[in-house]
Amino acid sequence: MRELSIEQDWQGDSVDMTSRCPKCRSIYVEARNLAQRLGGAIGAIAGTTSGVAVALSGAELGLIAGPFGALLGAVAGVVIEGIVGGAAGCLAGAKLGSAIDRNVLHNHLCRACGHTFTDKSS
Ligand SMILES: [Zn+2]
């Protein structure tokens, strides 16, 4: 499943603590994960928005079942779809951002000398 591979990736990020600075060989290196955080935030917003849109279109269908059913269905649908969509979007965005971090950005910061570098091992 997709969720499992995402979690494995996140666990793999903790391995960054064992990376060494290529400049001064310090082990005090931290992963910045800028794109991962940004991607997660954007994904959560996009996922929530699309989830709510899906729920609202479902509420329109619910009008056939009567006004009360539509109201109930809309409230429950917006809450549930919004949460589910937001969580899924957050994971997808974080996953994408994580890939950008690793491949594009200088994702690692040496706390000893301030040098930023890309982790070549991944
Ligand atoms: Zn360093």
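Trainee: Is N33 buried or exposed?

Mentor: Start with the scale. Buried means under 20% relative accessible area, exposed means over 50%, and partly exposed is in between (1.4 Å probe, protein chains only). N33 has 13% relative accessibility, so N33 counts as buried. Keep in mind that this is a predicted model: local features need pLDDT of at least 70, side-chain atom pairs count only at pLDDT 80 or more, and totals for chains, interfaces and linings use all residues. Residues are numbered from 1 along each chain as its sequence is written, and side-chain values use heavy atoms, without hydrogens or water.

Trainee: Where does N33 lie?

Mentor: Helices (H or I, at least four residues) and strands (E, at least two) are DSSP runs, numbered from the N terminus. N33 falls in the loop between β1 and α2 (34-62).

Trainee: What is the phi of N33?

Mentor: Most residues other than glycine have a negative phi. N33 is not a glycine, yet its phi is positive, about 50 degrees. R25 also has a positive phi, about 65 degrees, and is not a glycine either. R25 sits in the loop between α1 (2-13) and β1. With a relative accessible area of 53%, R25 is exposed.

Trainee: How many helices and strands does the chain have?

Mentor: Three helices and three strands. Along the sequence they run α-β-α-α-β-β.

Trainee: What share of the residues counts as buried?

Mentor: Of 122 residues, 30% count as buried. For the surface, accessible areas come from the Shrake-Rupley method with a 1.4 Å probe, and for residues only the protein chains shown count as cover. The chain's accessible surface is about 7800 Å², and 68% of that belongs to carbon and sulfur atoms.

Trainee: Which residues coordinate the zinc ion?

Mentor: Begin with the donor rule: N, O and S atoms within 2.8 Å of the metal (3.2 Å for Na, K and Ca). Water is not among the atoms, so sites may look incomplete. Here the donors are the SG atoms of C21, C24, C110 and C113, at 2.3 Å. Their spacing in sequence reads C-x2-C-x85-C-x2-C.

Trainee: What geometry does the site of the zinc ion have?

Mentor: Four donors count as tetrahedral if all angles lie between 85 and 135 degrees. Four count as square planar, and six as octahedral, if opposite donors are over 155 degrees apart and all others between 65 and 115; anything else is irregular. The ideal tetrahedral angle is 109.5 degrees. At this zinc ion the angles run from 106 to 115 degrees, and the site is tetrahedral.

Trainee: Is C21 buried or exposed?

Mentor: C21 is buried, at 0% relative accessible area. C24 is partly exposed at 35%. C113 is also partly exposed, at 40%.

Trainee: How many disulfides does a search of the whole structure find?

Mentor: A disulfide is a covalent bond between the sulfur atoms of two cysteines. The test is a pair of cysteine sulfur atoms within 2.5 Å. The search of the whole structure finds zero.

Trainee: How many salt bridges does a search of the whole structure find?

Mentor: Side chains of opposite charge can pair when their charged atoms come close. A salt bridge needs a side-chain nitrogen of Lys or Arg within 4 Å of a carboxyl oxygen of Asp or Glu. The search finds one. It joins the side chains of R111 and E30, at 3.4 Å from N to O. The pair links distant parts of the chain, 81 residues apart: R111 is in the loop between β2 (108-110) and β3 (116-117), and E30 is in strand β1 (residues 29-31). R111 is exposed at 52%, whereas E30 is partly exposed at 27%.

Trainee: What are the distances between I27 and R111 in sequence and in space?

Mentor: I27 and R111 are 84 residues apart in sequence and 8.7 Å apart in space, C-alpha to C-alpha. I27 lies in the loop between α1 and β1.

Trainee: Which residues is N107 in contact with?

Mentor: Contact means heavy atoms within 4.5 Å. Leaving aside neighbours within four places in sequence, the partners of N107 include E30, N33, D101 and F117. N107 lies in the loop between α3 and β2. N107 is buried, at 3% relative accessibility. For the chain, take contacts with a separation of 6 or more: 70% are between residues 24 or more positions apart.
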